[in-house]
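Opening the notebook on a new model today.

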Amino acid sequence: MKVSYYPGCSLEGTARPYDVSVRYVCRSLGVELQESQDWSCCGASPALKMNSLLSTALSARNLALIEKTDITDVVAPCPFCFRRLKSANEDIKTDPELKRRTQEVIEAEIVGKLTIHNLLGFIRRQIGLEPIISKVKTPLTGLKLIPYYGCYVVKPPSVAQFDNPESPTSLDEVMAALGADVLDWDFKTECCGAGLALSKTQKVIELSGRLLKEAAWRGADMIVVVCQLCQANLDMRQGDISSKQNKKYEIPIVYFTQLIGLAFGLSPSELGLNHHIIDPLPVLRQKGFSS
Amino acid sequence: MFRFTGDASEKNFLRQVIDKSGQNLLECLQCGKCSGSCPVASENVPGPRQLVAEILSGLKDEALSNPLWWYCVSCGTCMTRCPVEINMYEVATALCEIAQKEGVQPSEPDIHLFEEIFLKSVEKYGRVKELRTVATYNFRTRHFLKDMDKGIILMRKGAISPFELLKGWKKDPRVSRIFEKVRKGGQGE
């Protein structure tokens, strides 16, 4: 299976462990990721806030490049890139006037004919659990995981068109397929503070703090995420949250692809598990998944 | 209870927001599910219900200076729960566009500054250079040492490299051109 891969800016910046593990997992599952060398930023939340046409155009530029190839499916690990690419694709398909204005701005033809997947959806639905189960060498038995989806991958449902927006299960299923002990909780799709990370840090400390408190109470060894913004907020702010709540949190925040890779037999350092602020290695060692 | 005075500007503003956002705010039931769900609403930041009420009532100045749409992270929770499926982040974009056009000062300068610095990077290089964006933001807000501790931990672990800040990147004129064209012709309807 060959798909177009849109890593997005964070995955070549602070979220490199996500990129590394995505590439490894897809290779293991027989998926060929074709990355366009020419991709540019989708504009993320700042473009979406500041200018609607700019936001559509920045995503459309990338879609137009992919439309020129023979590939029909695009996979985006970043849930915000997913949201923006998918919205632009749908909007251009259904709004001729927007399509005309977008084409004028990007100076290229665009049809809106691609299928845009978020990485979790692609792995759970397009690849399925069977191939994953058959590749597991080291089942993650005894590892207690809190599955955290965040917002953009499922909300709003009319845009994301994936899983249940309030109580999704796909990440739970993928983690269970690896043999992990998946814990239930109520905050699967509650917001971590997202793009307010720098400008309103206190808000992030409050929102991510709620998530950590609940995850700790449930007895999580780790929180599994599908979004690099969730990862950054929960990992980077954990010290501040600990001070604020006067309670010591040390819950590693890992990408789901890192755990798939670990179960497939890769070492933690090959998956960038040594690159997080809250080090996952002690708990992995304690549970026997790392020497 | 607010009542329309009949001034045309009240209706114009509502019409403008509806047209720009594509969201039929007239369907709003004022049920308040959105405000109960909104992660960024607080004692200082009104929830979406109040913002929609302001727009419906023609309270243009109040709506354009409402901090909510700056805070909005477009999580989509309000729309998920809204009985008439109003997409508030599209409303936020519409208000931001109107506020910029009319020269309204951002009620949340920090959020505005971050978004500007972020987009500058996209405009120049075609992609966001994260570390430089963070450093520029902290420099401009004079919080020079903010998050330095985390940066040092990540550098020690080899997760990020300080050279990232120093090295030059290729500019991408094709993306700059999109910004230019949007500025020139694409503004407004």
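Into which domains is chain A divided? I find domain 1 (2-120) and domain 2 (136-286), with bounds that come from an automatic or database domain assignment.

Ground rules before I go on. This is a predicted model, where local features need pLDDT of at least 70, side-chain atom pairs count only at pLDDT 80 or more, and totals for chains, interfaces and linings use all residues. Residues are numbered from 1 along each chain as its sequence is written, while chains are lettered from A and ligands numbered from 1 in the order in which they are written.

Back to chain A. I looked up the spacing: the centres of its domain 1 and domain 2, taken over C-alpha atoms, are 24 Å apart. Their contact draws on 24 residues of domain 1 and 25 residues of domain 2; a contact here needs C-beta atoms, placed from the backbone, within 7 Å.

Next I checked the domain 1 side of that contact in chain A. α1 (16-28), α4 (79-94) and α6 (119-127) each supply at least two residues, and α1(A) gives the most, with 9 residues. Helices are DSSP runs (H or I, at least four residues), numbered from the N terminus. By type, I get 14 nonpolar, 7 polar and 3 charged residues on this side. Nonpolar means Ala, Val, Leu, Ile, Met, Phe, Trp, Tyr, Cys and Pro, charged means Asp, Glu, Lys and Arg, and the others, Gly among them, are polar.

Then chain B. I have domain 1 (8-101) and domain 2 (109-184) there, with C-alpha centres 29 Å apart.

Last, confidence. Chain B averages a pLDDT (the predictor's confidence in each residue, from 0 to 100) of 91, and 96% of its residues score at least 70. For the complex, the predictor gives an ipTM of 0.95 and a pTM of 0.95.

Key: Two residues are in contact if their C-beta atoms, placed from the backbone, lie within 7 Å.
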